[in-house]
Amino acid sequence: MAVRIRPCLLAVAFFAAAWVSGASSVPQQVDNSQKSFNCMPCSRTYVADAYLDALTGQLAQHRDLTEVPETADLCKGLDDDLDVPVLSEVHRQLVGEGSHRRLVYSVKFGNCEDDAVKFLDGYAANLVIIEKLPSGVFADPFELQHFVERKVFLDVAVFGDTNLELPSALSNRSAVEIHFDFKPSTTMDCNLVVELPLHARYPPLDSSGYATVEFGSPDLLLHYRKKDTHPDSCIWVSKNLDAEPVDKAVWRVPCGNGAHAGFVSSLTFISALVCSMSVVLAASLIS
């Protein structure tokens, strides 16, 4: 009897374990779907305001843009089945030479011909790109404001270290949030092109004559709200576009060679001494 009962017990235990495993996977799937978008009041201008601590200082840890618990309640009652434009391709390229270059983003949406037009009839939307800049690179906020004035960007902000004069060794990292207008005139060809001008700080000395700076993948969001809504109840929805990691962009910044430091210092000192003596001699002759 014991021999016959044991296989039955094993079968019951197997089905019970499978049921528990399946039940535990359901909440996980729900949590993942809930993390695909986040909400914030329209009084808040930038998405990065919600996780400013992760963008300032050394930016050591990466936080998911949709993991902001203090605004999660604002998403209740929103339509989760809304047909929003779906990202199909994203490419990023570092363009230019020397210490002043541009990051060029090419973003393509797959269902923009009919669905985007229908979506934009009832919603105001913009593409948000958040680029976390590596150490040694900065974006000039005054230069970027000119892009806003010329209607190239809808809005832009720089978070973190905005001191433009500091060398690389004394500066902290920063991040740039770009808002690009998502409207029918720019989305009919399903392709958006965004350019971000960047500048290199003075890097430390290196024997190779170059300092290597590497960019990680940016964060891409679709930021939208209903057009016909009261300001008091206005809610921005930030949907994570779940972009695939882009190819890493590598910037070789020219820097001084440490082996030449002694020669350059001596030459500079001699030049300064000769100029000073020339000024003193000319002053004495005139007097």
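This is a predicted model: local features need pLDDT of at least 70, side-chain atom pairs count only at pLDDT 80 or more; totals for chains, interfaces and linings use all residues.

Trainee: Then where does Glu 195 fall, buried, partly exposed or exposed?

Mentor: Glu 195 has a relative accessible area of 34%, so it is partly exposed. Its salt-bridge partner is Arg 102, with the closest N and O atoms 3.0 Å apart. Arg 102 sits in strand 3 and Glu 195 in strand 8, 93 residues apart.

Trainee: How do strand 3 and strand 8 pair?

Mentor: Strand 3 (residues 100-109) and strand 8 (residues 191-200) run antiparallel, with nine bridges. Leu 103 has Leu 196 as its bridge partner there. The open sheet has four strands in the order 2-3-8-5, with strand 2 (87-97) and strand 5 (137-138) at the edges.

Trainee: Back to charges. How many salt bridges are there?

Mentor: Four. One of them joins Glu 131 and Arg 92, with 3.1 Å between the closest N and O atoms.

Trainee: Is Glu 131 buried or exposed?

Mentor: Glu 131 counts as buried because its relative accessibility is 1%. Arg 92 is buried too, at 9%.

Trainee: New topic: which residues form the nonpolar patch on the surface?

Mentor: Phe 269, Ile 270, Leu 273, Val 274 and Met 277, with about 530 Å² of accessible area together. Met 277 belongs to helix 5 (residues 261-286), and at 52% relative accessibility Met 277 counts as exposed.

Technical notes:
Residues are numbered from 1 along each chain as its sequence is written. Side-chain values use heavy atoms; hydrogens and water are left out. Two strands pair if DSSP finds at least two bridges between them. Helices (H or I, at least four residues) and strands (E, at least two) are DSSP runs, numbered from the N terminus. Patches are made of residues with over 30% relative accessible area and no salt bridge: like charges are joined within 9 Å, nonpolar side chains (Val, Leu, Ile, Met, Phe, Trp, Tyr) within 5 Å. Accessible areas come from the Shrake-Rupley method with a 1.4 Å probe; for residues, only the protein chains shown count as cover. A salt bridge is a side-chain nitrogen of Lys or Arg within 4 Å of a carboxyl oxygen of Asp or Glu. Buried means under 20% relative accessible area, exposed over 50%, partly exposed in between (1.4 Å probe, protein chains only).
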